[in-house]
Amino acid sequence: NALYPLRIIGLNQDEKISGGMAGLTFMMGATVDSYRYRNDDEPAAIHESGNSLGDFLRNGGQLANSVKALAEPVLKRQLYVSKSDSVAMNSGKCHILSASELGIAVTDNKQISNLGVGQNKDEIYMHFSSRGLSYGNVDGAVVKGMSLPGTWLRDTYPWEGSLNAHPPLAVSWDGAGIEVGTPMALRKICPCFCL
């Protein structure tokens with residue numbers, strides 16, 4: 001159940017549920033097995049139990065016990081109710097990246113998801129900015145070299161123009177940009193956690 005190698009991607013960039021900032025954010029250096037974003041058509045938040053990805057990410061899930069004992073739950077958001085609203089996902093000690101945190105501006109009708117880090121959720125992790133990425137300016141070649149292609153991202157995307165009318169589609173990274181598809185598809189994940 002070892003989680004090495006790991007990358008440190010953030011320094012004082014994630015807000016702890018208990019208040020204050022988590023000192024370090026880690027990302028696994030390699031992807032883990034394939035999961036479904038959701039197991040059914042319900043527009044559930046991804047940290048909830050009962051879906052494949054949530055079974056890994058939630059408290060009590062498959063994350064190594066040694067990590068869960070030390071990891072700090074942090075405040076993350078997921079585009080959920082409408083194209084501009086998001087909900088807190090505060091029950092997990094483990095999360096997956098959003099497109100925003102990689103520098104990708106996920107837009108629909110010129111709306112940006114704002115699921116990055118920082119006070120206004122419009123910053124990216126230190127590790128990615130040090131490699132020349134910035135919010136809204138992603139370099140596919142840089143990201144591709146991080147073992148991330150084919151992985152789920154935390155974002156969701158409107159189905160037929162509305163997240164309210166249909167369950168949102170899920171977003172993954174295909175090596176050059178985002179790929180939008182059915183949440184029941186299997187994709188790799190690259191989990192992150194904070195200490």
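Predicted model: local features only at pLDDT ≥ 70, side-chain atom pairs only at ≥ 80, totals over all residues.
Figure 1. Together with Ile8 and Leu11, Met126 forms a nonpolar patch on the surface. The accessible area of Ile8, Leu11 and Met126 together is about 250 Å².

**Figure 2. The salt bridge between Asp14 and Lys76.** Four salt bridges are found when the whole structure is searched. One of them joins the side chains of Asp14 and Lys76, with an N to O distance of 2.7 Å. Asp14 belongs to strand β1 (residues 6–15) and Lys76 to strand β4 (residues 76–79), so this pair ties together parts that lie 62 residues apart in sequence. Asp14 counts as buried because its relative accessibility is 2%, a value under the 20% limit for buried residues. Lys76, at 3% relative accessibility, also counts as buried.

**Figure 3. The salt bridge between Glu101 and Arg154.** In this view, Glu101 pairs with Arg154 in a salt bridge whose closest N and O atoms are 3.2 Å apart. Glu101 is located in the loop between β5 (86–89) and β6 (107–108), whereas Arg154 is part of strand β8 (residues 151–157). The two residues are 53 residues apart, and their pairing links distant parts of the chain. Glu101 has a relative accessible area of 0% and is therefore buried. Arg154 likewise counts as buried, at 1% relative accessibility.

**Figure 4. A network of four charged side chains.** The residues of the two preceding views are brought together here. Asp14, Lys76, Glu101 and Arg154 are linked in a network of salt bridges.

**Figure 5. The salt bridge between Glu179 and Arg187.** Glu179 and Arg187 form a salt bridge in which the closest N and O atoms are 3.9 Å apart. Glu179 counts as partly exposed, with a relative accessibility of 35%. Arg187, at 21% relative accessibility, is also classed as partly exposed, because only values under 20% count as buried.

Key:
Residues numbered from 1 in each chain as written. Heavy atoms only, no water. Helix = DSSP H or I, 4+ residues; strand = E, 2+ residues; numbered from the N terminus. Buried < 20%, exposed > 50% of the residue type's maximum accessible area, 1.4 Å probe, protein only. Patch = residues over 30% accessible without salt bridge, like charges linked within 9 Å, V, L, I, M, F, W, Y side chains within 5 Å. Areas by Shrake-Rupley, 256 points an atom, 1.4 Å probe, with all protein chains shown as cover.
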